[in-house]
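Please look over the sequence and the fold below. A short briefing follows, grouped by topic.

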Amino acid sequence: MTEGRLARRDVVRAALLTAGAVPLLAACGGRAAARTTGNSAYATIDQTGAVEHGPVGTGLPETPTLRRIRDRGVLLQSGSVTMAGFGLMNPRTGRITGFDAGIAQLLAKYLLGRPEVDTITGGADTREAILQNHSVDVAVSTYTIKKSRARLVNFSGPYYIARSGVLVAANGHVVNALNDLAGQEVAVQPGAAEEALRAGCPAAKPVVFEESSQCSAAVRQGRVHAWSANTAILLGKAAVDGRLRMTPVTFGSSPFGIGTPKDDPEFKKIVVGFLEKIMADGTWRMLWEQTVGVLAGTAAPEPPKLGSVPGS
């Protein structure tokens, strides 16, 4: 880095190949890659304004996690770089845009005074492990708060509440109600999505894939009837791939939280305080409008009530 530490980082952290995680470039702002296969609205997503509006924390208590972040000069987060509206990387610029990416950048600014973030990607099953061994400081990746996970990591939130939804091939099956999935094979990822489908439609036949890209491929290729996940994931996939179509079906609830190491409860309190501030000062609403709101085309909802789900 020249001329001090820049707001936009171009870093590959090869030393963090831990528990299956794959480090990728992270950045403060910018625009998503301009694909045209689906809804091109996502290409206008840019949360720079919200990040600039965000607060800087003062008088924060010293904790082991905060000390590591400040000594390093950058927040390490487990996140996505393939989910339009939440975390999508432009391969030409390395900039990551979206609601989750913005939350991570805002948190880094709150802790460091500048939005310095490096993003580590990996499967859904690696997040607890890399938080526990301190390969990352936080997980901000449509991370549904669950009691089973809360035994392993701390959650701050929820900072966003999605629902479970259903996606099909654009020229494929008609699904207008959850019961239309009865007896049908439905792609899911392990954990929250699989559990939600089994609870919402016990007669469906879950077909489990580790990665969302495998789920979308199975739908496009006609190997499954549909794909069920939280609406955040599905909305982003439908936005970038015109071969996929959202259905009107929604059910259940997916409260997203910021995961932090279990052995640093004081750091969780700092993150809760951060969320309280951005929800109170309008930053949360601005971020939503510049990211998810671009895809949803609806007015911003009220921020969720913090601590409103078990484990948060």
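What volume does the largest pocket have? The largest pocket has a volume of about 630 Å³. Of the 28 residues that line the largest pocket, Met-83, Ala-124, Ser-141, Gln-189 and Ser-212 are the closest to its centre. This is a predicted model, where local features need pLDDT of at least 70, side-chain atom pairs count only at pLDDT 80 or more, and totals for chains, interfaces and linings use all residues. Residues are numbered from 1 along each chain as its sequence is written, and side-chain values use heavy atoms, with hydrogens and water left out.

**Overall make-up**
- The chain's secondary structure comes to 11 helices and 12 strands. Helices (H or I, at least four residues) and strands (E, at least two) are DSSP runs, numbered from the N terminus.
- Of the 312 residues in the chain, 56% are buried. Buried means under 20% relative accessible area, exposed over 50%, and partly exposed in between (1.4 Å probe, protein chains only).
- Take the contacts between residues at least 6 apart in sequence: 72% join residues at least 24 apart. A contact means heavy atoms within 4.5 Å.

**Pocket and cavities**
- Strand E3 (82-83), H6, H7, E11 and H8 each give at least two residues to the lining of the largest pocket.
- The structure also holds two cavities of 30 Å³ or more. The largest cavity has about 60 Å³ of space.
- Residues lining the largest cavity include Gln-77, Met-83, Phe-86, Asp-100 and Ser-141.
- On a 1 Å grid over the protein atoms alone, a cavity is a set of points where a 1.4 Å probe fits but cannot get out. A pocket is an open set with protein on both sides within 12 Å along at least five of seven lines. Lining residues have an atom within 4 Å of a point.
- Grid points are joined across faces, edges and corners, and a volume is the space filled by probe spheres set on the points.

**Strand E9 and its partners**
- E9 (residues 185-188) pairs in the parallel sense with E10 (residues 205-208) over four bridges. Two strands pair if DSSP finds at least two bridges between them.
- E9 also runs parallel to E11 (residues 226-230), joined by two bridges.
- Ala-187 has Val-207 as its bridge partner in E10. In E11, Ala-187 stands opposite Trp-227.
- E9, helix H6 (residues 192-200) and E10 form a right-handed β-α-β unit. Right-handed means that, with the strands pointing away from the viewer, the path from the first strand over the helix to the second runs clockwise.

**Helix H7 and the cysteines**
- H7 spans residues 212-220, and its buried residues include Ser-212, Cys-215 and Val-219.
- The buried residues of H7 pack against strand E8 (153-169), E9, E11, helix H8 (231-240) and strand E12 (244-261).
- Cys-215 counts as buried because its relative accessible area is 0%. Cys-201 is at 4% relative accessibility, so Cys-201 is buried too.
- A search of the whole structure finds zero disulfides. A disulfide is a pair of cysteine sulfur atoms within 2.5 Å.

**Pro-248**
- Pro-248 sits in strand E12. Its relative accessibility is 61%, so Pro-248 counts as exposed.
- Val-166 lies 82 residues from Pro-248 in sequence, and the two are 7.7 Å apart, C-alpha to C-alpha.
- Pro-248 is in contact with Val-175 and Asn-176, leaving aside its neighbours within four places in sequence.
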